[in-house]
There are 2 protein chains.
Amino acid sequence: MQDVYIIGVGQTPIGEWWDRSLSDLSTEALREAMADAGIEEQPDALFVSNMLAGQLSKQKHLGALISSAAGWDGIEALVIEAACGSGGAAVQAGITAIRSGAARMAAVVGVEKMTDGVHGETITAGLATAADAEYEVDQGASFVALNALVMARYMHEYGIDHEAFGGFSINAHANATNNPCAMFRSPITQRTYAKAPMIAPPVNLLDSSPVCDGAAALILASADGLRDLPQADPVRVLASASATDTISLQERRNLIELDGARLSTQRAYEQAGLAPQDIDLFEAHDAFSIMAALSLEAAGFAQPGRATMLAREGEITPDGRIPISTMGGLKARGHPVGATGVYQIVELVSQLRGQAGANQVLHAEIGMAQNIGGSGATVITHILSRG
Amino acid sequence: MQDVYIIGVGQTPIGEWWDRSLSDLSTEALREAMADAGIEEQPDALFVSNMLAGQLSKQKHLGALISSAAGWDGIEALVIEAACGSGGAAVQAGITAIRSGAARMAAVVGVEKMTDGVHGETITAGLATAADAEYEVDQGASFVALNALVMARYMHEYGIDHEAFGGFSINAHANATNNPCAMFRSPITQRTYAKAPMIAPPVNLLDSSPVCDGAAALILASADGLRDLPQADPVRVLASASATDTISLQERRNLIELDGARLSTQRAYEQAGLAPQDIDLFEAHDAFSIMAALSLEAAGFAQPGRATMLAREGEITPDGRIPISTMGGLKARGHPVGATGVYQIVELVSQLRGQAGANQVLHAEIGMAQNIGGSGATVITHILSRG
């Protein structure tokens with residue numbers, strides 16, 4: 001099995017890009033990743049992640065669309081989908097292709113244009129396709145509502161106030177102020193958090209990640225492929241693992257523990273031969289504050305019911321014990337759903353290379369990213385190391 | 001790199017299944033494939049192919065949906081999409097996972113419920129997402145219209161009459177009469193072909209594959225995995241290769257040659273160390289008669305402009321030189337778009353095992369299947385051998 005390295009990363013700023021297409025965003029991120037890797041040669045394969053283009057842009061078949069736009073004649077290209085976990089799943093598929101020997105060099109690009117769905121209802125309906133259409137959505141649940149159910153239960157079960165979750169959003173926004181690609185670059189306070197408009201009780205606006213557009217890209221290479229390449233600072237893949245849980249909440253063993261995340265993390269730790277205390281930073285899937293909390297707990301960084309304490313004690317900031325959302329996270333960098341998992345890896349690479357600027361985690365040697373599809377139904381975990 | 005075997009196959013009959021869900025169809029095909037393989041143990045990974053569930057059933061995230069329904073706790077599961085080539089792409093992803101060592105045993109299921117879109121326009125719009133939304137579909141082209149353009153150009157360029165294409169549909173319907181899973185089990189004649197209602201000139205109803213529902217499944221195993229298994233008659237994967245071409249027709253080098261199919265087939269022949277004359281049967285992507293012709297030419301079974309001669313001379317029937325659509329093909333077995341590529345492999349396996357009944361190709365040792373996404377923009381080719 002070939003060792004896999006990340007030799008180039010690229011990303012577009014996240015925002016509402018009304019005048020740019022799926023192809024525009026994807027090729028910008030890919031070009032930047034190719035330039036970062038210092039290569040011009042066409043990769044052997046392209047893995048695209050996307051969730052909503054079929055519904056919002058009337059465009060499927062993004063493998064062919066983007067390889068056409070990139071001018072990559074004849075390249076193997078396909079799309080990977082796992083709802084909001086699509087990005088992580090495409091990274092995993094790219095890694096698998098290199099490990100198998102099918103590709104020496106592979107490109108991964110995650111892209112989402114959520115603003116193509118100009119009516120709120122279209123986007124809400126699109127996001128709800130991550131949940132069970134028959135047993136959840138047809139019964140009236142939106143995707144935010146499902147997260148609200150979980151958050152309410154968590155607060156009830158552990159006797160935790162809504163304000164205890166503020167630390168996640170405050171940290172995310174603080175970190176995003178230094179990320180030129182982030183959508184929201186203004187800090188927030190506990191007061192603004194507490195006064196934010198309610199979306200679906202107890203989830204308020206500042207518990208939620210935004211609707212936005214963006215693309216992020218990686219170039220992966222095998223150890224063999226790496227030898228001929230100029231990239232001085234490759235990042236190594238120590239683990240790439242995923243797991244599923246039941247798609248609908250009512251079938252879960254426990255509504256407030258993410259079994260899929262626990263299993264996915266466990267598999268990743270096993271692959272890497274590591275434990276939670278070896279991880280220097282963690283790009284968590286903070287699509288909602290409650291998901292940041294559950295993800296920290298499932299990954300072994302906090303006991304069940306204790307994740308908000310980490311935030312309160314300053315342990316999740318870039319100089320804390322387990323920094324999360326170091327470039328703004330889904331909350332403040334933005335969450336272009338099918339692209340998010342690739343953004344997480346791009347940011348992890350910048351930390352491991354020591355290029356994260358004001359948000360640099362000191363002595364960052366080993367980082368973990370976790371990308372979640374649905375309310376924890378698909379979870380993909382990657383562990384990367386410097387060099 | 002691990003050798004890969006197909007140790008179990010399953011399929012639902014194809015039809016209009018108004019009362020059965022995506023989960024129902026998928027789990028039926030998976031159960032049959034597991035029973036066929038003689039195993040009960042949960043596979044290591046699940047690869048799902050689907051194109052239209054997001055648009056037609058308001059359901060994405062089929063990896064989690066189907067693994068939940070199958071009761072496969074914690075399994076790695078994701079969705080692969082390449083328009084009508086999704087099935088072949090998922091088979092390739094499954095093979096890659098085994099080759100990489102990431103899985104010892106993997107399940108692949110292709111599923112499509114096209115009848116969930118109850119209005120003709122919804123399905124037409126859904127199928128058009130395989131083409132370029134901005135440069136083709138927004139300009140008024142449906143997916144059938146694009147195929148009609150190609151067919152008209154082919155007829156003009158080579159001076160071929162519409163009636164010359166009849167042999168493809170006649171062969172497909174004749175073969176489907178013996179396939180209990182086929183949608184159309186009545187033979188047709190040259191006369192019925194010629195008199196069929198026009199859809200988009202020159203494509204008529206009997207040039208076209210139907211809107212339908214179905215699911216097909218495979219169980220794949222590595223050589224290591226195979227050792228402990230009871231399956232007496234495994235089929236070996238000799239090649240799994242894909243290629244892309246430009247998504248939109250106007251960018252093609254030549255409108256009536258499928259460069260993506262030629263390249264994909266070439267890569268497959270190279271992987272297998274084989275040439276066209278070594279192939280005993282060919283499951284072609286006959287979504288439209290013109291695609292059957294172009295696919296035969298790109299794969300090296302006929303010179304450009306000569307594919308209809310093969311049909312006229314009886315060379316594509318089960319006892320001909322290069323049998324195609326041996327169980328009815330997309331035309332008569334049916335074309336549940338995202339599932340088709342898996343059906344092709346299921347049928348190839350039944351031929352290579354000698355279980356194809358009245359349609360059995362004598363001495364079938366090596367078979368090829370080719371699955372096409374869009375108008376030839378993504379092409380996935382598999383070559384399999386007996387034992």
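Author: Let's start with what a helix axis is here: a line fitted to C-alpha atoms, for helices over the stretch in contact, with angles running from 0 to 180 degrees between N-to-C directions. Helices (H or I, at least four residues) and strands (E, at least two) are DSSP runs, numbered from the N terminus. This is a predicted model, where local features need pLDDT of at least 70, side-chain atom pairs count only at pLDDT 80 or more, and totals for chains, interfaces and linings use all residues. Residues are numbered from 1 along each chain as its sequence is written, chains are lettered from A and ligands numbered from 1 in the order in which they are written, and side-chain values use heavy atoms, leaving out hydrogens and water.

Now to chain A. Helix H6 (residues 143-158) and helix H11 (residues 289-298) of chain A cross at roughly 65°, and their axes come within 10 Å. The crossing of H6(A) past H11(A) is left-handed, meaning that the near helix is turned anticlockwise from the far one by less than a right angle (clockwise would be right-handed). Contact means heavy atoms within 4.5 Å. On the H6(A) side, Asn147(A), Val150(A), Met151(A) and Tyr154(A) make it, and H11(A) brings Ile290(A), Met291(A), Ala293(A), Leu294(A) and Glu297(A). Sorted by type, that contact has 7 nonpolar residues, 1 polar and 1 charged. For the sorting, Ala, Val, Leu, Ile, Met, Phe, Trp, Tyr, Cys and Pro count as nonpolar, Asp, Glu, Lys and Arg as charged, and the others, Gly among them, as polar.

Over in chain B, helix H1 (residues 22-37) packs on helix H3 (residues 62-70) at an angle of about 60°, with the axes 9 Å apart. H1(B) passes H3(B) in a right-handed crossing. Among the residues that meet there are Leu22(B) and Leu30(B) of H1(B), and Leu65(B) and Ile66(B) of H3(B). The tally for this contact is 7 nonpolar, 3 polar and no charged.

Back in chain A, Arg353(A) sits in the loop between helix H14 (340-352) and strand S10 (366-373). Arg353(A) counts as buried because its relative accessibility is 9%, and buried means under 20% relative accessible area, exposed over 50%, partly exposed in between (1.4 Å probe, protein chains only).
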